[in-house]
Amino acid sequence: MKIAAVIPAYNEEKTIGGVLEPLCAHELIDEVIVISDGSSDNTAKIAKAYRTIVIELEKNQGKTNAVLLGVKSTDADIILMLDADLIGLKREHITQLIWPVADGQADMTIGIFKFGRGATDFAQKIAPFLSGQRGVKRTLFCKLEKHNVQDYGIEMALTLVAAKEKINVKQVYLSNLTHVMKEEKRGLVIGFLSRMKMYFDIMTSVVKFKINENASS
Ligand SMILES: O=c1ccn([C@@H]2O[C@H](COP(=O)(O)OP(=O)(O)O)[C@@H](O)[C@H]2O)c(=O)[nH]1
Ligand SMILES: O=C(O)[C@@H](COP(=O)(O)O)O[C@H]1O[C@H](CO)[C@@H](O)[C@H](O)[C@H]1O
């Protein structure tokens with residue numbers, strides 16, 4: 001059974017090294033694929049210094065496209081999805097996300113921050129289905145194709161497909177892990193506007209899913 005980590009990264013030079021360090025050292029991970037999504041900083045350069053495959057997109061294509069390109073580039077049976085802006089990623093978090101899927105206890109894991117930072121813990125407590133930290137059986141990605149998901153819609157779409165297919169989903173708590181929030185990366189105004197765009201992408205993904213389901217029933 002082959003396991004690949006897929007890391008979408010858009011201008012994450014400050015944090016990507018801290019994600020790749022434990023990932024590349026983990027014995028259960030066969031491949032680490034970084035998709036630099038039109039980054040204009042040193043994200044790709046830093047990623048290349050590790051045991052990784054780096055796909056460099058010339059233009060920004062959005063998180064969903066970046067992840068799906070990464071999945072298409074590997075024949076791994078299990079995909080570990082991780083964001084490149086995590087702070088505090090440890091070996092045990094990686095094991096927690098992949099082991100239930102590798103061991104057949106679950107088809108997808110969803111990682112929830114706990115004891116990281118108040119704001120990011122709270123966001124994941126109220127919307128665990130949005131988390132970008134997941135172990136996912138490859139077959140689940142095939143079921144996404146007809147939904148034409150874009151930008152920040154991928155996690156919501158995976159969650160909806162999993163519920164529809166009644167597949168086994170396991171939530172795992174990732175202690176002392178957090179990420180850099182949009183407002184911290186881009187400033188309050190642009191960060192807030194990016195957050196609103198993200199919610200729009202998520203809603204669009206729900207609407208597309210419902211329309212497709214109604215059309216095929
Ligand atoms: O157009 C984008 C936006 C985000 N990301 C990556 O997707 C992950 C999750 O993004 P996040 O929720 O942190 O959003 P952001 O704060 O980057 O908008 C991070 O690794 C980003 O670098 C990406 O590859 N392309
Ligand atoms: O936690 C959240 O509310 C959002 C927004 O994250 P930021 O705090 O703006 O980095 O991020 C989560 O949801 C996104 C959409 O599903 C995912 O792409 C992120 O990976 C996830 O962390």
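**Figure 1. Residue classes in the shell around ligand 1.** In this predicted model, the shell around ligand 1 is made up of 7 charged, 5 polar and 5 nonpolar residues. The residues around this ligand number 17, and those that come nearest are Pro-8, Tyr-10, Asp-37, Asp-83 and Ala-84. Three elements each give at least two residues to the shell around ligand 1: strand E1 (3–9), helix H3 (63–72) and helix H8 (182–186).

**Figure 2. The shell around ligand 2.** Ligand 2 has 14 residues around it. Leu-130, Gly-132, Glu-155, Met-181 and Lys-182 come nearest to ligand 2. Sorted by class, the shell around ligand 2 holds 6 nonpolar, 5 charged and 3 polar residues. At least two residues of this shell come from helix H7 (154–164), and at least two from helix H9 (188–216).

**Figure 3. The packing of helices H7 and H9.** Two packed helices are described by the angle between their axes and by the distance between those axes. For H7 and H9 the angle is about 35° and the axes are 8 Å apart. Their crossing is right-handed. On the H7 side, the contact is made by Met-156, Ala-157 and Leu-160. On the H9 side, Ile-202, Ser-205, Val-206 and Phe-209 make the contact. By class, the residues of this contact are 6 nonpolar and 1 polar, with no charged residue. Both helices also supply residues to the shell around ligand 2.

Figure 4. The UniProt record, an unreviewed entry, lists residues 6–127 as "domain: Glycosyltransferase 2-like".

Figure 5. The protein chain contains 9 helices and 9 strands. Its radius of gyration is 16 Å, close to the 17 Å that the globule rule gives for 217 residues, so the chain is as compact as a globular protein of that length. Along the principal axes, the C-alpha atoms fill a box of roughly 50 × 45 × 35 Å.

Terms used. Residues numbered from 1 in each chain as written. Chains lettered and ligands numbered in written order. Predicted model: local features only at pLDDT ≥ 70, side-chain atom pairs only at ≥ 80, totals over all residues. UniProt positions renumbered as here; feature names shortened; annotations may be inferred. Near = placed C-beta within 6 Å. Helix = DSSP H or I, 4+ residues; strand = E, 2+ residues; numbered from the N terminus. Nonpolar A, V, L, I, M, F, W, Y, C, P; charged D, E, K, R; others polar. Axes fitted to C-alpha atoms, helices over the stretch in contact; angles between N-to-C directions. Left-handed = near helix turned anticlockwise from the far one by under 90°. Contact = placed C-beta atoms within 7 Å. Rg over C-alpha atoms; globule rule 2.2 N^0.38 Å.
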